[in-house]
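Biologist: Hi! Could you walk me through this model?

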Amino acid sequence: MKANLNLGSVAGIKIKVHWTFFLLIIWIVFDQIKRGGNTESILYNVAFIFTVFLCVVLHELGHAFMAKRFKINTKKITLLPIGGIASLEKIPESPKQEFLISIAGPLVNLLIATLLYFTIPINDILNQNLNDSLQFLARFNLRNFLFYVFIVNIGLVLFNLIPAFPMDGGRVLRAILAMKMNRVKATQIAVNIGQFFAVVFLLLGLLYNPILIFIALFIFLGAYGENQIVNHLSILKGHKVQEAMMTDITTFNPNDTVSKVLKTIISGTENNFVVLKEAVIIGILYHKNIIENSNKKNWLVKDIMTTTFKVLQDKDDLKKVYELVYSESNSFFPVVKQDQFVGVIDYVNLNEYLLIQAKLSH
């Protein structure tokens, strides 16, 4: 089963639904059946869930369009049972930019709620006594539907502005703190607050609602991951590719055999290789492709090598490489100096370099 279902794209941003989202729909249907609901109530509640998630998509698009103003692209928006995630290419280091990008999502929901407030008679509903309001809202009609959507959008604004990193409120808090202190310290404070809320949500989830347990897990792991990324980028600031690249490596000629490549893998620790022809990089041999073609020992390297790849310069900033390594499916890059091949850098040796630099900084 594919993890995500592609719904299309908006302004070049892919909209995907994680398969677990459909578990929520199934749960809604079974819950309605258990409560004695009929076809009308089931369809009403399912339509409401889809509308709520449309509001979530608009929320995430708010982040994406604001990010685009600062030349930060959004690769995709993924819908999960607990909400949506906009996958930005990077989080801006400018506190002002991060503040505007983070607040843009909740502002979209506030705009939706404001439009609904003036579209339906909210005050008429709220001014009734409790029994009359409950009887009125029990009806399956458009006005009640829109009223529930109004309430949900208000809830999305309030929930997302909880200062629990990496939620919007946590990012807003980090941006405000970063205007007064360095980004690493601001992140650490926001992460600590976020993990405190994660513990609160976990306890509430164990006592009342299991969904809060998943939210707690999302907040805790997200906060930890963001803190690690910010610390890594801080360590790599000012360092260049030439400091971390591997230079003692094996290369192959396009006319070498697959059998020769396999012997090199078995006898050493290298998994990926650069293919050179007259000192010019013409391809990459990725470990996955080598293993897939390991039964074709008489084939040549040029038959299985990948000819589409990214090349780094020895003077490139390691912060750029860090972001590249974690965003690309193949994290192995040849390095050149004045168009001459001088080495490679990958996920493993970049992390080894980070460990060494972290130790040296203490």
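Predicted model: local features only at pLDDT ≥ 70, side-chain atom pairs only at ≥ 80, totals over all residues.

Biologist: Which residues make the nonpolar surface patch?

Modeller: Leu5, Leu7, Trp19, Phe22, Leu23, Ile26, Phe30 and Ile33, covering about 790 Å². Patch residues have over 30% relative accessible area (Shrake-Rupley, 1.4 Å probe, only the protein chains shown as cover). Nonpolar side chains are joined within 5 Å, like charges within 9 Å.

Biologist: Which element gives the most?

Modeller: α1, with 5 residues. Both β1 (4-10) and α1 (21-34) supply at least two. Helices (H or I, at least four residues) and strands (E, at least two) are DSSP runs numbered from the N terminus.

Biologist: And why does leucine 5 count as partly exposed?

Modeller: This β1 residue counts that way because its relative accessibility is 41%; under 20% is buried and over 50% exposed.

Biologist: New topic: what volume has the second largest pocket?

Modeller: About 410 Å³, the space filled by probe spheres set on joined grid points. A pocket is an open set on a 1 Å grid, with protein on both sides within 12 Å along at least five of seven lines; lining residues have an atom within 4 Å of a point.

Biologist: How many residues line the pocket?

Modeller: 23, with Asn271, Asn272, Phe332, Asp346 and Val348 nearest its centre. α15 gives the most, 4 residues.

Conventions. Residues numbered from 1 in each chain as written. Heavy atoms only, no water. Salt bridge = Lys/Arg side-chain N within 4 Å of Asp/Glu carboxyl O. Buried < 20%, exposed > 50% of the residue type's maximum accessible area, 1.4 Å probe, protein only. 1 Å grid on protein atoms, 1.4 Å probe; cavity = no way out; pocket = protein on both sides within 12 Å on 5 of 7 lines; lining within 4 Å.
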